[in-house]
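Subject: Structure for your review

Dear colleague,

Please find below the structure that I am handing over to you. My notes on what was found in it follow directly after.

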Amino acid sequence: MPSQSGGPDRTDDGRYVIIKGRRWRATDPALPEDAAASLRSHLMAARRAVREARRTTDDAALRRARERVQRAKVALGERGDPWWEQSERERAQRWRDGLAWFDGHGEH
């Protein structure tokens, strides 16, 4: 189904986005926009850290960066337990825990 916002197409149930013909789990639509924006920022920084660690062949940095990617993706609802199977309380706890983790670990 075409996106109303100009973003990627979504499946009819809204659970997945279609990018270059591939289906990916969509961000939890219940996520407040400020939290989603913060988590996307953490995700992009983590992806840059993955790229840099690969470039410098720093295995420890690569592991840390991949952990940050995973944490951001879970908090966004794109990995881990499907957001559509979670209660509203569980969904809110998921993204709050993710933000709290990044607040405690910074961007290293």
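The accessible surface of the chain comes to about 7,100 Å², and carbon and sulfur atoms account for 48% of that surface. Such areas come from the Shrake-Rupley method with a 1.4 Å probe, and for residues only the protein chains shown count as cover. Please note that this is a predicted model, in which local features need pLDDT of at least 70 and side-chain atom pairs count only at pLDDT 80 or more, while totals for chains, interfaces and linings use all residues. Residues are numbered from 1 along each chain as its sequence is written, and side-chain values use heavy atoms, with hydrogens and water left out.

Overall architecture

The chain holds three helices and three strands, in the order β-β-β-α-α-α from the N terminus. Helices (H or I, at least four residues) and strands (E, at least two) are DSSP runs, numbered from the N terminus. The C-alpha trace spans about 40 × 35 × 20 Å along its principal axes. Of the 108 residues, 36% count as buried; buried means under 20% relative accessible area, exposed over 50%, and partly exposed in between (1.4 Å probe, protein chains only).

Nonpolar core

A nonpolar core is a set of buried Ala, Val, Leu, Ile, Met, Phe, Trp, Tyr and Cys residues joined through side-chain atoms within 4.5 Å. The largest one has 20 residues, of which Leu 31, Leu 39 and Trp 95 touch the most other members. Helix H1 (33-56), helix H2 (59-76) and helix H3 (88-105) are the elements that give two or more residues to this core. Setting aside neighbours within four places in sequence, the contacts of Leu 39 (heavy atoms within 4.5 Å) include Leu 31, Ala 72, Trp 95 and Phe 102.

Aromatic residues

Rings of Phe, Tyr and Trp (its six-membered ring) pair if their centres lie within 6.5 Å; planes under 30 degrees apart count as stacked, over 60 as edge-to-face and the rest as tilted. The count comes to three aromatic pairs. In one of them, the rings of Trp 83 and Trp 84 are edge-to-face, because their planes stand at 85°, with the centres 5.1 Å apart. Trp 83 is buried, at 7% relative accessible area, whereas Trp 84 is partly exposed at 22%. Together with Tyr 16, these two residues form one aromatic cluster.

Salt bridges

What holds for charged side chains in general is that those of opposite charge can pair when their charged atoms come close. Six salt bridges were found in the whole structure, each a side-chain nitrogen of Lys or Arg within 4 Å of a carboxyl oxygen of Asp or Glu. One of them joins Asp 28 and Arg 91 (2.4 Å, N to O). This pair links distant parts of the chain, with Asp 28 in the loop between S3 and H1 and Arg 91 in helix H3, 63 residues apart. Both Asp 28 and Arg 91 are buried. Another salt bridge joins Arg 55 and Glu 52 (2.6 Å, N to O), which both lie in helix H1, three residues apart.

Backbone

Lys 20 has a positive phi of about 50° although it is not a glycine, and it lies in the loop between strand S2 (16-19) and strand S3 (22-25). Thr 57, in the loop between H1 and H2, likewise has a positive phi of about 50°.

Yours sincerely
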